[in-house]
Structure formats: structure tokens, C-alpha cells
Amino acid sequence: MTDSAAPRETAVTELPAKAAPAPKIKAKAPRPKGRSLYNLIGVAVAAILGFPVYWMVNTALKPDKYAISNDPKFLPFPITLDNFKRALEVSDFWGPVFRSLIIAGTTVAIGLVVGLLAALAISRFAFRGRKVVIVGILTVQMVPLVAMIIPVFLLLNDLGQYNKLSGIILTYLTFVLPFTVWTLRGFIVNIPKELEESAMVDGCTRTGAFVRVVFPLLAPGMVATAIYGFIQAWNEYLYALQLLSQTNTTATVWLGNFTTTRGTEYAPMMAGSTMMAIPVVIFFLLVQRRIASGLTAGAVKG
Amino acid sequence: MSADTSTAKVPPQRPSSSAAAPAPGRAPRRSLGNRLSGTATPWLLLAPTMVVLAVVLGYPLVRLATLSFQNFGQSQLWGFQPTEWLGFDNFSAVLSDSVFWDVVVRTIIFTLGAVAFTMVLGLLIAMLLIRVSSWVKTLMNIALVASWAMPIVVAVTVFKWMFDTDYGVINWLLTKVGLDFDRHNWFIDSTQGFAIIMVLVVWGAVPFVAITLHAGLTQVPKELEEAARMDGAGAFKVFRYVTIPVLKPIIVMLATLSVIWDMGVFAQVFLMRGGHPEPEYQLLTTYSYDKAFVVNDYSMGSAIALLTVLLLLGVIAVYMRQMLKIGEVE
């Protein structure tokens with residue numbers, strides 16, 4: 001359809017365009033017909049989707065007496081940071097956050113290295129049993145995490161890894177690794193073999209062709225995969241709840257328990273939620289363009 | 001996607017051994033050594049993944065299966081009593097329990113509803129994204145990514161607050177509009193409660209679907225759409241016969257993932273109900289968890305979890321077959 005969004009689109013196509021000639025005829029001038037109606041719906045959709053996030057921040061910034069009110073205000077006025085102070089006072093905040101960062105970061109790093117090798121194997125090599133491996137990885141990804149919690153709990157208990165960060169990192173690989181392999185495979189498959197082939201015709205080894213040609217094209221995909229994996233690990237609740245003790249827990253469980261410490265104090269709770277979510281949201285917004293393009297973009301099209 | 005044709009079927013270009021000698025000696029090395037490394041290399045690359053998965057997934061899966069045929073409770077956990085084999089006792093106990101069947105039906109309805117809403121809304125939003133002006137698109141993208149990035153636990157607490165009985169903004173809004181929702185408790189009736197949980201799940205799942213489908217839509221060749229239009233196809237026919245077929249691999253992938261994720265919903269229900277879901281709020285996931293870690297009957301919990309996996313495999317098998325058929329898995 002008529003896609004006008006000029007700055008964004010050109011930025012997206014820029015990456016692949018460098019690697020390959022893209023003799024694409026750009027779409028004609030946008031038709032204004034119906035555009036304003038779509039814009040109206042678009043704004044409404046954005047408002048509805050964004051409302052919970054907005055309401056969280058709004059509540060967090062309001063003074064307590066305005067936050068809990070029969071007549072809620074839609075602007076935080078006067079703005080206060082008391083709720084944030086309060087949230088930090090209620091219990092240890094930074095401990096769980098650091099643990100979450102360590103766990104998610106390590107899991108993703110291991111997942112990316114190990115997963116990339118496997119993704120290469122199933123996307124660039126023809127070998128007997130390849131299809132079985134792919135079906136296996138897909139199937140493994142379908143096993144719901146919750147179903148595994150009982151044997152995983154018993155396994156870590158036996159290994160002496162209960163309540164250890166190393167234990168939980170290992171178990172987080174159950175969902176990060178298959179996802180990483182499958183997603184990276186999708187990215188690699190979308191990078192045309194012809195690029196590698198021509199590099200190899202020009203004298204590159206297979207490894208050289210990968211490092212010089214495929215890897216740069218794959219980098220956005222790896223960033224996207226890493227971020228998504230990180231978010232999954234950061235968000236994980238059940239394993240953290242069950243495999244770590246209360247004093248050694250992650251940020252998600254910390255927030256989940258917030259309710260019980262002193263009844264339901266919604267304003268500080270929203271402050272805690274904001275502190276947990278906003279860094280992730282901002283980080284995500286910064287790289288979102290790459291994620292969106294990375295998922296389906298290829299270098300040579302058509 | 002065009003990648004289907006170009007990548008899948010092409011046999012690999014003579015696999016040269018990794019990291020080995022660069023340029024010289026190209027011709028002579030080709031025969032035996034390369035053929036050997038050609039078969040070994042992929043397996044070497046796969047080895048680390050397979051080892052990790054064997055430990056963290058393979059073994060627990062086997063243990064899950066064996067547990068469900070055993071008697072394993074608190075005393076077995078601490079080693080006070082030996083583990084006994086029970087045969088199918090756990091399963092016959094579970095399967096003859098009407099509570100279990102209620103939970104199964106509830107889980108299936110919930111999953112199907114959530115996936116359907118997610119996919120339809122995601123596609124609609126994706127199509128909207130390619131039709132709006134760039135500033136609206138930016139606005140929508142910010143909203144989408146913000147809700148996508150929200151940690152589930154955060155989302156649950158925010159929704160709890162928004163739907164709070166006394167001071168929730170939703171009750172206030174609905175009352176303002178003229179409906180009687182003052183002090184309305186959304187969770188007394190489990191249908192209403194699940195409606196909110198479903199809104200929460202769909203809200204969290206739609207961004208990934210919408211953004212991915214939007215990325216796919218921008219790749220739909222314009223020439224195809226134009227050709228269809230020139231042949232006299234209307235907007236709907238272009239959508240039905242050009243857009244949808246091109247997007248199909250992505251749609252199948254997204255639907256598959258959605259089924260997996262929505263069937264595995266746990267934290268949303270568990271936290272919404274304050275860590276102790278009432279009987280009418282139990283899904284298969286929370287039900288199994290309850291049996292294992294509240295009642296401390298690990299083997300009964302395992303039996304339920306195993307049945308969940310089997311049920312899920314049944315649902316997924318349909319999608320897998322389609323993926324094999326369309327060549328997504330090649």
C-alpha cells in the first residue's frame with residue numbers, strides 16, 4: 001500500500017541496500033484519501049494501548065492522597081517523587097534488580113553464542129537428520145515452562161543448585177536457547193545464499209564468508225533476538241519464585257510480593273513498577289526499528 | 001516470503017572446513033576431507049545446544065514422566081520414605097476428577113479466545129500501521145513497544161490497580177459514562193475476572209504480533225498488489241489473495257507461538273488472585289502448581305503437567321504439520 005513514512009522507511013532499507021543493489025521502484029506519492037480517518041483510529045489505538053503504561057507513571061508521580069482518590073486526576077499535579085522513596089524503603093530494591101540483570105544478561109550471552117552455532121547448522125548445512133533437529137527444537141520450544149517446574153525444582157535440589165543464580169541461569173536456558181536458535185535461523189534463512197556464494201567465489205572461505213558477509217547482515221537480528229531473550233528472562237516469574245528463596249529473589253518476585261508487605265499500597269507499588277519497566281521500555285524503543293525490520297528484512301528481494 | 005524459494009532447497013556450497021587454511025590448495029583438498037567435515041561440522045555446531053537442552057529439558061522431561069507414575073510427596077523429597085511406583089493410579093485419579101475436566105475446558109476456551117483476539121487485533125493494527133501518516137505511526141509504535149516491553153508482573157500490578165474495586169480508574173470511567181460500576185468488584189464473577197485477565201494477556205501479546213506482521217506487510221511486493229488491482233481485484237480481494245498468502249508463514253509462526261504462550265499463562269492468573277487462585281480461576285498451569293507446591297503432591301502435579309504437555313502437543317501438531325507442508329521447516 002502507499003507507505004509514505006519517509007524517514008523511517010529509508011532508514012530501514014538503508015542497511016540491506018548497501019550490501020546489494022536494490023533496483024526498487026519507490027511507491028507513488030501517497031494518496032491522502034481516507035488517511036485522516038486512519039490517523040484518527042491510529043491515535044485512538046495508540047491511546048488505548050498506551051493507557052496502562054501512562055496510568056502507571058501517572059499514579060507513581062502523584063502525591064498519595066491524590067493517587068488514591070474517588071476522582072482520579074489524569075495529570076500528576078503536583079509532581080512528587082515520594083512514592084519512589086517509599087517503594088525503595090519498603091524493602092531491598094537494588095539487590096533483586098542486580099540479580100535480575102546478572103541472570104538475564106548471562107542467560108542471553110550464553111544463549112546467543114550457543115544458539116548462533118546451532119542456528120547456522122540448521123540453516124546453512126544440509127545433513128542427515130537436519131529436519132529432525134529442527135522439529136525437535138520447535139517441539140522443545142512448545143513445552144510450557146510451567147509444566148517443567150516440578151522436575152526442574154527437584155533437579156536443582158539434587159544438584160545443590162537450589163537458590164543459586166547459576167542454577168536459575170541454567171534453567172532459563174530452557175526457554176531462551178530454543179527461542180534464540182529458532183529466531184536466528186529465521187534471520188539467517190532470510191540472508192540470501194547468493195551473497196555468501198559470491199564471496200566464496202571471490203576467494204573467501206566458508207567461515208570468512210560468514211564473518212564478512214552474513215554476520216554484518218545478521219547483527220540487527222542478533223540484537224533483536226538478544227533483547228527479546230533478555231526481556232523474557234527479565235520477565236520470568238515462576239522459576240524465580242520457586243527456585244530462589246525470598247531473600248535471594250529477582251525483581252519480578254520482589255514486585256509480586258509488594259502487595260503483601262503492607263496491604264495494598266498502590267501508589268508506591270506503581271512507583272516500583274515504573275522503576276522496573278521504564279528502563280526496559282526506553283531501551284526497547286531505541287532499538288525497535290531494527291527489531292521490526294530485522295524480523296523479515298532480507299538483502300536481495302524479489 | 002521470497003526466501004522460501006531461494007534458500008531452502010539449494011544444497012550447500014561445498015562445505016569447506018571451518019577456520020581451515022584460507023585461499024591456497026582449493027582444488028586438491030576438496031574430496032575426502034571436505035566430505036567428512038561436511039557431515040561433522042553441523043553436528044559440532046549443534047553439540048553445545050544439544051548438551052544444554054539435554055540437561056535442562058531432556059532430563060526434566062523424563063523425570064516429569066517417571067514422577068507421574070510414582071508416589072512422590074514431601075516425605076520422598078526429604079528421603080524419609082522410598083519412592084513407590086504406582087502405575088497409572090495418578091492418571092486415573094486425575095482423569096476421573098470432574099474438577100480436572102472443568103480446568104481443561106476453561107484452559108482451552110481461554111487459550112483459543114486469547115489467541116484469536118491477539119491475531120485479529122494484531123493484523124488489524126499492522127494494516128493500520130501501513131496506512132497512517134508517519135507521525136501517527138511513530139505514536140502507535142511507541143505505544144506498541146511500550147506495552148510489549150512491560151514485564152508481565154508489572155502489567156499485572158497495573159491492571160490490578162486499574163480494575164481496583166474502590167479506586168480503580170476503569171470503574172470510575174464506566175461510572176462517568178453512566179453505567180453503574182461504582183465499587184464494582186470484577187473478580188467475584190470468574191467470567192468477568194477471566195475477561196480482564198484475557199485483556200491483560202492480549203494487550204501484552206498484540207504488540208509482538210502487530211509489529212512482526214507490519215514488518216511482513218512492508219515486504220509484500222507492490223507489483224503483486226498492483227497486478228491484482230489491475231486485474232480488477234477490490235481491496236478485500238487484494239488482501240485475501242495477495243496479502244494473506246504472502247504473510248502466511250509469519251502468521252503461522254505467530255499463531256503457533258501464541259498458542260504456546262497463552263496456554264502457558266501462569267503469572268497473570270496467579271498474581272491477579274494474590275498467589276492463591278480460587279477453584280474457579282484455576283487453569284491447567286496453576287492447577288498443576290497447586291498440586292505440587294501447595295498440596296506437596298509432586299507426582300500428582302507431574303501427571304497434570306504431563307497431560308497438559310500432551311494436550312498442547314495435540315494442538316500444536318496441527319500447526320507443525322502445516323509448517324512442514326508450506327516448507328517453513330526445510
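1. The stretch in question is residues 293–302 of chain A, where pLDDT stays under 50. For these residues the model, which is predicted, has 36 contacts beyond four places in sequence.

2. Chain A as a whole has a mean pLDDT of 79, and 81% of its residues reach 70 or more. Over residues 1–28 of chain A, however, the pLDDT is below 50, and this stretch has 33 contacts in the model beyond near neighbours in sequence.

3. Within chain A, helix α9 (residues 193–201) packs on helix α10 (residues 206–235) at an angle of about 125 degrees, the axes lying 9 Å apart. Because of that angle, α9(A) is oblique to α10(A). The crossing of α9(A) past α10(A) is right-handed.

4. On the α9(A) side, the contact is made by A:Leu195, A:Glu196, A:Ala199 and A:Met200; α10(A) contributes A:Arg206, A:Ala209, A:Arg212, A:Val213 and A:Val214. Classified by residue type, this contact of α9(A) with α10(A) comprises 6 nonpolar and 3 charged residues, with no polar ones.

5. Between the chains, 99 residues of chain A are in contact with 100 residues of chain B. The side of chain A that touches chain B consists of 65 nonpolar, 25 polar and 9 charged residues.

6. Chain B is divided into domain 1, covering 31–60, and domain 2, covering 95–325. Taken over C-alpha atoms, the centres of these two domains of chain B are separated by 36 Å.

Definitions and conventions
Residues numbered from 1 in each chain as written. Chains lettered and ligands numbered in written order. Predicted model: local features only at pLDDT ≥ 70, side-chain atom pairs only at ≥ 80, totals over all residues. Domains from an automatic or database assignment. Contact = placed C-beta atoms within 7 Å. Nonpolar A, V, L, I, M, F, W, Y, C, P; charged D, E, K, R; others polar. Axes fitted to C-alpha atoms, helices over the stretch in contact; angles between N-to-C directions. Helix = DSSP H or I, 4+ residues; strand = E, 2+ residues; numbered from the N terminus. Parallel < 35°, antiparallel > 145°, perpendicular 65-115°, else oblique. Left-handed = near helix turned anticlockwise from the far one by under 90°. pLDDT = per-residue confidence, 0-100.
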